Amino acid sequence: GLGRFQGVLGWSSVGQYKNEVQKADAQYGPIYEKFAKMPLNEVAANKEAMEMGKRLFLTYCMQCHGSDARGSKGFPNLTDADWLYGGEPETIQTTIAEGRMGMMPPYGGQPDVIGGEAGAKEVANYVRSLSGLSHDAAMATKGKEKFDKVCVACHGPEGKGTQALGAPNLTDKVWLYGSSEATIVETITKGRSNRMPAWKEFLGDAKVHILAAYVMSLSGKAGEQK
């Protein structure tokens with residue numbers, strides 16, 4: 001309704017944005033490139049880099065992981081030592097750059113596999129027993145039989161998970177969606193699907209490098225040598 005006339009100077013909001021981005025890249029690009037050449041452990045120990053990493057995190061990551069990086073239901077806490085895919089520097093960087101797609105298959109429509117909701121409750125009680133939560137011992141015994149036939153493929157024979165698959169450790173106190181029997185039954189019957197977006201194309205390698213170092217620092221891994 002207002003037309004597309006850009007005035008004598010050809011101004012547009014898109015053009016202004018591009019100009020501002022170019023100016024920012026010219027000013028800060030060399031700084032990012034300096035840190036891009038440094039090992040992640042050194043970047044994570046650099047105060048200037050961590051200030052930059054914090055600003056990047058608050059701009060692009062806090063929407064899911066929270067401003068304190070402690071996550072929320074369905075979004076991992078980045079300040080603890082629990083890692084779905086591994087906490088090594090190069091693994092963290094790969095996660096940010098390339099993203100992740102996690103999927104727990106739904107077994108509710110496969111009564112012959114789990115045994116319907118009743119079977120899911122048995123498995124849920126066994127899963128709760130793995131981390132020392134209150135459970136029905138008789139149901140847990142039956143649940144272990146089903147776990148050993150179906151769930152072991154991803155979570156391992158001891159339920160400690162498989163980082164190569166992003167399958168969580170079921171023996172600790174960390175729960176992405178909650179540890180109640182009802183929540184675990186829901187996870188078993190309906191499945192879960194999580195996606196971590198890939199940031200490499202949008203942010204570029206240098207910014208991803210600093211972000212990875214910042215995430216390392218959140219979990220106390222800044223001084224570690226890998």
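The model is predicted. Arg100 lies in strand E1, which spans residues 100-104. H5 takes in residues 89-98, and H6 takes in residues 116-130.

**Arg100**
- Arg100 has a relative accessibility of 22%, so it counts as partly exposed, since the buried class ends under 20%.
- The side chains of Arg100 and Thr95 are joined by a polar contact of 2.9 Å.
- Leaving aside residues up to four places away in sequence, Arg100 touches Tyr85, Thr91, Thr94, Thr95, Asn194, Arg195 and Met196.
- Tyr85 sits 15 residues from Arg100 in sequence, and their C-alpha atoms are 8.9 Å apart.

**Helix H5**
- The buried residues of H5 include Thr91 and Thr95, along with Pro89, Ile92, Ile96 and Ala97.
- Among the elements covering these buried residues are strands E1 and E2 (192-196).
- Helices H2 (40-44), H9 (200-203) and H10 (205-218) also contribute to that cover.

**Helix H6**
- H6 has 15 residues and reaches 21 Å from its first C-alpha to its last, close to the 21 Å expected at 1.5 Å a residue.
- Buried positions in H6 are Gly119, Ala120, Glu122, Val123, Ala124, Asn125, Tyr126, Val127 and Arg128.
- The cover over the buried residues of H6 includes helices H7 (137-155) and H8 (181-190).
- Gly132 follows H6 and has a positive phi, near 80°.

Technical notes. Residues numbered from 1 in each chain as written. Predicted model: local features only at pLDDT ≥ 70, side-chain atom pairs only at ≥ 80, totals over all residues. Heavy atoms only, no water. Helix = DSSP H or I, 4+ residues; strand = E, 2+ residues; numbered from the N terminus. Buried < 20%, exposed > 50% of the residue type's maximum accessible area, 1.4 Å probe, protein only. Contact = heavy atoms within 4.5 Å. Polar contact = N/O pair within 3.5 Å; in protein donor to acceptor, adjacent residues only side chain to side chain. Expected span 1.5 Å × (residues − 1).
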